[in-house]
Amino acid sequence: MKRRSESPEDWDVLREKIIGLGERSVRKSYYPELQHQYAELKRFRQLIDQSSELILFFDVVSLQVVDANDTACQALERARENLLGVCLAGLHPALDETAREAVAKPDQPIPTQAMYTCADRSIRVLDGWTKVVVVDDRPTGMLVVRDISDRIRAEKALRESEAKYRRLHESIRDAFASVDMSGALQECNQAFQTMLGYSEEELRQLTYQDLTPEQWRAFEADVVEKQILVRGYSDVYEKEYCKKDGTILPVELRAFLLRDTTDRPTGMWAIVRDITERKRAEAALRASEERFAKAFHVNPVPMAITEIETGRFLDANKQTQRMLGYTREEMIDHTSTELGVWVDSGTRERMIAQLRVDRTVREIPTRLRTKTGEIREVLWSVEIIRLGEQDVLLSLMFDITERKQAEKLLGENTERLRLALQAACMGTWEWDIIGNHVVWSPETQRIFGISADEFGGTYEAYLGFIASEIREEVNNEVQTFLSSAHAPAVIQYEHGIIRGDGKAGWVEVRGTLFLDKQNQATRMTGICVDVTERKRAEEELQRYREHLEELIIERTDKLHQAMDQLVQSEKLAALGQLVAGVAHELNTPLGNARTVASALGEHLHVFATAVESGALRRSQMETFLSQGREAVDLLERNTARAAELIGQFKQVAVDQTSMRRRYFNLYQTIEELLVTLQPQFKHTTHRIELDMPADLDLDSYPGPLEQVIVNLVSNSLTHGFVGMEAGRIQLQAHALGSDQVTLRYADNGIGIPTNVLNHIFEPFFTTRLGQGGSGLGLYIVYNLVTGVLGGAVQVTSSPGQGVTFTLALPRIAPDRPAAS
């Protein structure tokens, strides 16, 4: 087989023999000497037909094909007889052009290229040469070409692959670099340059050892020797690089060995990844674990870590130890069952079952037994956390034993309040102005002579009970008040009514207005007092005045009685003002508690029905438990709020003769009080600083003094430190002469606005109404200091500068007058 670059002289001889054979018309049987020549030419013909190159012979004058091998017939998709006589121009214009050039230059081969379209529309690229040869003294054209389509496609694919590799090399996020066996950098991508801060030219002047800090070089040399050179690649390993600016860069890489065709190592290449962020994350994780450990041990909430399956204690903070009465050593490596912690058997098993479904359990009411056998009521919350390579339980236990006792006390106090309102013949009411919804207490309904289902529950329904001749006048007074008043404003008026039973009567109405942030009236709350008897007395008095001269002696006694009734009514009205504030504050938590209790009762009825019918599903039980926990949480918060309000109300109304007078040390008394206040600071960074001599002794009433301090601290936490992360309270005291003590209470909170400062000692005055403030705290402070303690209190404040209360107290309190 001849290549296209070789001389075609041998082909000329062959063609001469073939054509010569064709022109001789002598039968081979008559000329035996031609038989051998015929056989040889036949073998040459087979070689030509088996050639992978396309071979055409053409007439140099007509440029018509005179012969073609099998490869040409297959490539041109024509039979040999169909090719003979075809002009080269009919096959491809480029073949015709090169043939003409070959005829014009018979002494040299002419390079030939053509793109031939096959019947299946595929493109074939032909490449070779064309030359004129002499056969039987006659010139004949010969065209030899090869199909190079596959080679061109392969070259194109190689170029595209190289381009893709180059783009990948430059755009890969991880850095890439290759070195020779001496360590000199040969190639790197842009990511490697950016990572280290060098240009490619600068890196080519360095070795990878130059970029490696001294402490890492021996380690990396060991990796090269024992891993890369032995097995051809390394494990993923970490090291550090020195950047151009001198900073140290932690990286992760894996290196591979490069070999030549003789399998001789020629260099190494590596993929390098910047692990700075991962190192920071690992450091942050370690710091987080340390913070968790610290938070766990100093947390004021009892916490414990146990194994999931066995319940074995792995750790317990001091609060857990204190609550259960065990030391840490007594708890670690013992299970809760072994210690007898569970009062109710099966509690832990039920929790584990729920935990496997929900992964967390929140505030399950649980009873725990302490080391001494005492039963504690707790809300148990559990969550699965990862500790090292092990899943464990993190338990939080909120002790609610005292809260349960407070709930019982709340029920008793609520009943007392109801009886007090009933005894005072006062009814309470609340008007939602936006929704036009009015709520009357049972006592108010009694005053108007109706039952609960007979009241329409709207402002218009209330107007319907007013005598028609004064109805418009009363409405105008209320509307004028709503449009012009500024909260907290109070309205007071009297009017006649037509009771539900048709009888006429008189009521006195007092109400407080509340506005929203846009200064729009939203609701009113107040009291209603039946003053029918007083009005009758006034009317009767008026009639007597008309005949005063005749009846002055006769009616003197009755007049005194009427005046006494009037004074008593005024006193009751004043008490009603106080009760109205309490009723308003109690209405929300008690109303919420009642709503939750009603909803819980309905859920309990549905649940009981499902249990009795045997159709209880697991989803129903889980739903009931979830709703029950939410209901208990709401009941706890609302009843606790109501108990707090009732307790503060009792501070105002309690019989002062129950206060015990004794001789006490001021520093010791306040210090002991501050210990009891610490739970209020457990979720804050606020602090109290105590600065007073240890030798200040008083003959006074420590109970009221402690109540004053508690109310001032509560005022700072509720109002003064709003929006502050770390507040500071200072308590200072010093002797003022031999018979008086000055006690100074100051905080660095937000201070009190000037327009509010003059009202802070008024009852029920608060800037956080509806947000937990009752308005009684500082009122109690003022009455205790100026009353039972026999002192005086002054307050100074500016917005943003905190507040200071200065108490001037006698060291010997005045004697309290005996109760009448």
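**Stop one: cysteines**

Select Cys 87: the residue is partly exposed, with a relative accessible area of 33%. Bear in mind as you look around that this is a predicted model. Now jump to Cys 188, which counts as buried because its relative accessibility is 5% and the cut-off for buried is under 20%. How many disulfides does the structure hold? The count is 0.

**Stop two: the sheet**

Next, colour strands E16 to E20. They belong to an open sheet of 5 strands, ordered E17-E16-E20-E19-E18 with antiparallel pairing. Which strands stand at the edges? Select 437-440 for E17 and 490-498 for E18: each has a single partner strand, so one side of each is left without a neighbour in the sheet. Follow the sheet across and you will see a twist that averages 25° from one strand to the next.

**Stop three: the helices**

Bring in residues 468-484, helix H18. This helix lies across E16 (426-432), E18, E19 and E20 (521-530), and H18 runs at about 165° to E18. Then select residues 532-546 to pick up helix H19, which packs on the sheet and touches E18, E19 and E20. Compare directions here as well: that of H19 makes about 120° with that of E19.

Key:
Residues numbered from 1 in each chain as written. Predicted model: local features only at pLDDT ≥ 70, side-chain atom pairs only at ≥ 80, totals over all residues. Heavy atoms only, no water. Disulfide = S-S within 2.5 Å. Buried < 20%, exposed > 50% of the residue type's maximum accessible area, 1.4 Å probe, protein only. Pairing = 2+ DSSP bridges. Helix = DSSP H or I, 4+ residues; strand = E, 2+ residues; numbered from the N terminus. Axes fitted to C-alpha atoms, helices over the stretch in contact; angles between N-to-C directions. Contact = heavy atoms within 4.5 Å.
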